[in-house]
Amino acid sequence: MAASVREKQAVALKRMLNFNTPPLKNTTTEPVWKVLIYDRFGQDIISPLLSVKELRDMGITLHLLLHSDRDPIPDVPTVYFIMPTEENIDRICQDLRNQLYESYYLNFISAISRSKLEDIASAALAANAVSQVTKVFDQYLNFITLEDDMFILCHQNKEVISYHAINRADIQDTDMESIMDSIVDSLFCFFVTLGAVPIIRCPRGNAAEMVAVKLDKKLRENLRDARNSLFTGDSLSAGQFSFQRPLFVLADRNVDLATPLHHTWTYQALIHDVLDFHLNRVTLEEGLGAELQTGARPKKKSRKMYDLTGADKFWQKHKGSPFPEVAESVQEELDSYRAQEDEVKRLKSIMGLEGEDEGAISMLSDNTAKLTSAVSSLPELLEKKRLIDLHTNVATAVLDHIKSRKLDVYFEFEEKLMGKSTLDKSLLDVISDPDAGMPEDKMRLFLIFYITAQQPPSELDFEQYKKALLDAGCDLSPLNYIRQWKAFTKIASTPANYGGSGVKPMGLFSRVMNTGSQFVMEGVKNLVLKQHNLPVTRILDNLMEMKSHPETDDYRYFDPKMRGSESSIPRNKNPFQEAIVFVVGGGNYIEYQNLVDYTKSKQGKKVIYGCSELFNAAQFIKQLSQLGQK
Amino acid sequence: MAADITLLFKASVKTVKTRNKAIGIGFDSTKEDILKRGRKKSGFSQKAKEVITNITKLKDFLLLHRKDYVSAGSLISSELSRMTDNERDQIDQDAQIFMRTCAEAIKQLRNEVEKQVMSAQVKEHRGAVLDLIEVYLKGVCKLYSEQRAIRVKRMVDKKRLCLLVKTCHFICFPCAEKNVSEVPVQPVSLWEEGREEDELSPEEIQMFEQENQRLISEMNSLVDEVRQIEGKVVEISRLQEIFSEKVLQQETEIDSIHQLVVGATENVKEGNEDIREAIKNNAGFRVWILFFLVMCSFSLLFLDWYDS
């Protein structure tokens with residue numbers, strides 16, 4: 001896997017936009033203009049990967065939603081990128097009948113069934129437009145890549161395959177089947193794009209196992225049909241020869257419910273937790289003035305949207321760093337930018353002295369070179385300034401939230417809970433503290449306490465806690481569900497161990513004052529994270545290194561390339577170099593960051609993280625309360 | 001990695017056709033289809049495609065003659081493919097005229113798009129198409145300007161060399177003249193000539209050697225200076241290009257601001273006039289009210305006097 005998943009998907013998209021021919025590398029070629037039509041799924045897939053400018057460079061003049069009103073534009077080829085659902089097919093037939101465009105290149109995000117293809121064929125015949133339908137393709141791109149090594153399945157209809165949908169008590173077999181089918185379809189597309197057939201390992205007895213069985217079956221069917229197999233070499237995969245097949249670990253959300261509720265301290269995870277962050281886009285509400293006086297007109301809140309992309313070097317470097325480090329780095333970047341700006345301004349004044357001072361003329365020869373370099377570096381400077389502004393705004397917003405909700409206190413407390421070290425403040429104190437955070441935060445803290453406790457608290461304590469939570473205004477329904485879950489997992493296996501972790505608060509004021517940071521961080525403890533492994537990371541470590549561990553020893557083993565049925569004995573004794581971790585039921589950035597740190601500590605290993613949906617703690621609590629109410 | 005199912009699609013078209021035939025549904029022949037297609041090619045896309053083919057022709061032309069154009073007029077090679085300067089000027093002029101006509105055509109198309117009434121999507125699409133064509137034209141113009149820059153640099157080099165050669169010539173001429181003049185001056189017998197030449201030549205050789213040394217040092221310094229100036233000129237030209245681009249960008253903005261300001265002054269003038277009218281009306285209205293009141297009071301007085 002030489003190229004990352006994101007690059008592969010971007011290359012596939014660009015090829016599709018170039019009418020499914022590989023794009024030429026000529027400097028100046030004749031422009032060919034086209035129109036791109038997508039549905040919401042296609043939009044979610046394209047938007048993290050290609051910007052509007054890149055689309056324009058590829059010759060796309062208009063990009064429209066499938067179900068919007070579209071006017072006929074003559075003489076232009078159109079590229080469709082849609083899911084093969086009933087409504088979409090109907091709309092395509094309608095377009096064909098109305099003769100909106102000149103030629104149609106239909107690309108379906110996942111494979112289209114024969115009957116739907118015939119529907120389009122009959123509509124094309126009826127409209128006399130068969131020759132206009134130039135090409136039809138199955139793109140197999142039914143997943144969204146957010147980072148180089150992270151992907152999610154879908155964003156649009158995620159309630160359908162959410163944790164709630166999979167784990168609710170009144171689920172029926174047919175629902176479960178359809179959910180599993182959609183997950184397996186997306187995973188299959190993922191492996192087709194990756195170009196590799198993995199070795200699958202999954203735990204027994206839960207949703208992950210069902211997914212693994214189906215996926216194995218699908219891969220086997222496809223491989224057996226050697227002529228049409230999508231995994232035989234083509235021009236794309238000929239370039240990378242991975243001598244080893246990757247390991248695909250399926251995990252279920254139920255193995256670790258505490259991590260999604262955890263308060264976090266790294267930059268990307270904080271943004272996801274605290275602000276509105278979807279598909280690499282942050283939406284900030286910039287309200288002027290937090291309080292409204294009575295009688296005063298509320299100031300208008302402007303909403304600003306920022307894209308955090310791969311091209312943003314600061315973001316790539318710091319998205320996993322703890323928050324105080326981020327604040328310092330923003331300050332450093334700002335200083336270096338100001339230094340460069342000053343240099344450019346100085347040149348300007350020197351140039352101004354040119355005609356007057358003979359001494360300056362001798363420096364002239366230097367200055368033309370300096371001027372050239374300054375002028376050519378101006379666009380970079382402007383870009384840098386824009387990024388610094390972006391990150392300053394985002395970090396300030398996050399910091400406001402942290403200060404108002406005292407998230408650092410929660411973080412420290414939870415780390416101690418998960419590491420089973422001694423607590424210096426009792427849980428009841430924190431919960432009854434009126435100005436430490438929203439009710440949601442307190443609920444999260446208590447749930448983590450409940451999940452990680454070796455034995456459940458006594459009834460008396462429990463009632464005390466419940467009363468304190470009710471006083472704070474929390475809704476108690478998630479608690480019911482967690483009690484059920486805890487009882488269930490206790491029967492099944494030993495509760496997960498979160499590993500030793502330690503949190504050392506640095507000197508409250510000394511470091512902050514020394515850096516003279518612009519962000520006033522008084523009262524926010526400067527916490528240093530020690531490395532610790534979350535359960536998912538530990539499972540991955542065991543499986544990749546072929547270590548023997550009671551947790552992972554009875555994982556099932558699937559190898560789609562082997563003839564015959566699967567065997568439970570792993571044949572491969574060497575440790576794996578590449579792995580893909582997929583969490584069925586939802587994931588979040590904390591796990592992703594943990595995996596990235598784990599990969600960094602091991603040389604030469606590549607890990608890709610995927611989940612069926614991405615939620616932050618607030619959304620997860622909502623799902624838990626829905627489950628608890630049943 | 002996509003799967004091409006166009007063939008599958010065509011097969012399904014065939015199955016649907018046979019199915020329809022079996023059921024008995026007929027459909028129109030394909031004659032209408034061709035007629036409809038012929039009518040649909042709109043003027044815009046044809047014109048746009050023409051402009052593109054023209055620009056491509058220009059690009060091919062430039063690339064074809066690029067090697068000859070750029071090949072240094074080196075004094076050693078005497079190949080037939082060498083271009084004369086006249087030909088180069090001709091190419092320059094032709095290319096410039098061509099580029100200007102292309103830019104004008106694009107502008108014309110843009111005005112047409114503005115004037116024509118059509119839906120917003122079609123307008124946006126056409127605007128974007130014209131942007132793409134402009135970018136393409138800019139790319140081809142860059143090719144041309146690169147060639148030209150190389151040529152101008154070589155011309156500047158050649159001029160400097162020529163100057164050096166001329167100064168050399170001036171210095172050498174007196175020596176040559178001296179040589180030439182000395183030889184016929186001695187119409188004496190051979191052995192005398194030979195003796196005098198033998199006497200003179202070591203001195204002359206020394207003098208010539210000194211002159212050579214001096215010339216070499218002078219030329220070295222000149223060459224260094226030329227190199228420095230060359231570098232500076234190239235940088236200055238690059239800077240100038242960047243600045244002129246920025247200035248052109250600002251020009252459009254200034255134009256729009258100017259228009260806005262003109263509109264604003266007109267609005268303010270009209271506003272003033274309206275205010276004046278309003279004041280006048282107000283005044284006139286007041287006069288009439290006063291008159292009415294006075295008349296009323298007079299009539300009251302008159303009635304009172306009449307009654308009493």
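Buried means under 20% relative accessible area, exposed means over 50%, and partly exposed is what lies in between, with a 1.4 Å probe and protein chains only. Keep that scale in mind as you click through this predicted model, where local features need pLDDT of at least 70, side-chain atom pairs count only at pLDDT 80 or more, and totals for chains, interfaces and linings use all residues. Residues are numbered from 1 along each chain as its sequence is written, chains are lettered from A and ligands numbered from 1 in the order in which they are written, and side-chain values use heavy atoms, leaving out hydrogens and water.

**Stop 1: Arg238(B)**

Select Arg238(B), which sits in helix 6 of chain B; helices here are DSSP runs (H or I, at least four residues; strands are E, at least two), numbered from the N terminus. Arg238(B) is partly exposed at 44% relative accessibility.

**Stop 2: residues 205-232 of chain B**

Next, select residues 205-232 of chain B, which an unreviewed UniProt entry annotates as "coiled-coil region". UniProt positions follow the numbering used here, feature names are shortened, and annotations may be inferred rather than shown by experiment. In the model this span is 100% helix and 0% strand, with 40 Å between its end C-alpha atoms.

**Stop 3: residues 285-306 of chain B**

Move on to residues 285-306 of chain B, listed by UniProt (unreviewed entry) as "transmembrane region". This span, too, is 100% helix and 0% strand, and its end C-alpha atoms lie 31 Å apart.

Show the aromatic side chains now. Across all chains, the whole structure has 21 aromatic pairs. Trp288(B) and Phe291(B) make an edge-to-face pair, because their ring centres are 6.1 Å apart and their planes meet at 80°. For such pairs, rings of Phe, Tyr and Trp (its six-membered ring) have centres within 6.5 Å; planes under 30 degrees apart count as stacked, over 60 as edge-to-face and the rest as tilted. Trp288(B) and Phe291(B) are three residues apart in helix 6 (residues 190-307) of chain B, so about one helical turn separates them. Trp288(B) is exposed, at 60% relative accessible area, while Phe291(B) is partly exposed at 47%.

Then pick Phe302(B) and Trp305(B): with ring centres 5.9 Å apart and planes at 35°, the pair is tilted. They too are three residues apart in helix 6 of chain B, about one helical turn. Phe302(B) is partly exposed at 47%, and Trp305(B) is exposed at 62%.

**Stop 4: a nonpolar patch**

Colour Trp288(B), Phe291(B), Val294(B), Met295(B), Phe298(B) and Leu301(B) together: they make a nonpolar surface patch of about 670 Å². Met295(B) lies in helix 6 of chain B and is partly exposed at 41% relative accessibility.

**Stop 5: over to chain A**

Which residues do ring pairs link into a cluster? Select Tyr267(A), Phe277(A), Trp315(A), Phe323(A), Tyr589(A), Tyr592(A) and Tyr609(A) to see them.

Finish at Lys14(A), in helix 1 (residues 5-17) of chain A. Lys14(A) is partly exposed, with 32% relative accessible area. Leaving aside residues up to four places away in sequence, Lys14(A) touches Leu50(A), Glu54(A) and Met58(A); contact means heavy atoms within 4.5 Å.

How values were computed
Patch = residues over 30% accessible without salt bridge, like charges linked within 9 Å, V, L, I, M, F, W, Y side chains within 5 Å. Areas by Shrake-Rupley, 256 points an atom, 1.4 Å probe, with all protein chains shown as cover. Salt bridge = Lys/Arg side-chain N within 4 Å of Asp/Glu carboxyl O.
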